[in-house]
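Dear colleague,

Please find the structure below for your review. My findings follow it.

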Amino acid sequence: MITKRDASIATFLRSVPVFLDLKGSSLEILFEFLEERRWDVGEHICNEGEMGRTLYVIREGEVEVLRRSATGNNQSIVKLGPGECFGEMALVELQPRSATCVVRKKAVTYSLTNPELWNVYKSDNFAYVIILQNICRMLSRRLRKADSRIVEFVETLESSAKQKAKPAAKKKKK
C-alpha cells in the first residue's frame, strides 16, 4: 500500500498508460492496492520461467527486459523508464514469466498483484474495467510492434538469402 498520498504520486499515476482515464475515487483506490518498492542496480525484479502474478510500473530508474534465446544467451528486448510498465501478462494469464527484468538504473516501482487486482474489482468495477482495457490496449500495441519487427527480420533474412543466391547463380551460368 502506498501510505504517502501526495499529489505528485496521483499526477504520476494518471500519466501511466495502464491507469489512464482513472479519476477521483477510482484513482484514489489504487493507493490502497499498489505497493512501492526501491531496487538497486543489478537486482532482478523477475526472472524468465518463474511464475508471476505482478504488474510493475516504473516511477524512477531504468529496467532492462531480457529474453533467453534458443542458444541460452540473454537478448535485450527493451529498456523501460519512468511511466512504463512490465509484467502485465501476469495479470491476465497465469503462466511463467516470458522474460527477465533487471534494474539498470536505481529504480522505484509500484506493483499490483493478481489478488490486489481482484480487490480493485470488488471495490470499484469501473477502475477494474479501465485497468484491464488499458492492459489490452498496451498488449495490442506491443503485439503490433512485435509484428513489425518480425516482418523486418524476415525481410532482412530473405534479402540476405537472395544476395547469397545471386553469386551462386552466376557461377552456374559460366
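Contact here means heavy atoms within 4.5 Å. The model is predicted, so local features need pLDDT of at least 70 and side-chain atom pairs count only at pLDDT 80 or more, whereas totals for chains, interfaces and linings use all residues. Residues are numbered from 1 along each chain as its sequence is written, and side-chain values use heavy atoms, with hydrogens and water left out.

Setting aside residues up to four places away in sequence, serine 111 touches Phe33, Leu34, Glu35, Thr54, Leu55, Tyr56 and Glu116. Serine 111 is buried, with a relative accessible area of 11%; buried means under 20%, exposed over 50%, and partly exposed in between (1.4 Å probe, protein chains only). This serine lies in strand S6 (residues 100-113); strands (E, at least two residues) and helices (H or I, at least four) are DSSP runs numbered from the N terminus.

Eleven of the 14 residues of S6 are buried, so the strand is largely enclosed by the rest of the structure.

In helix H6 (residues 125-173), valine 154 is partly exposed, with a relative accessible area of 35%.

Yours sincerely
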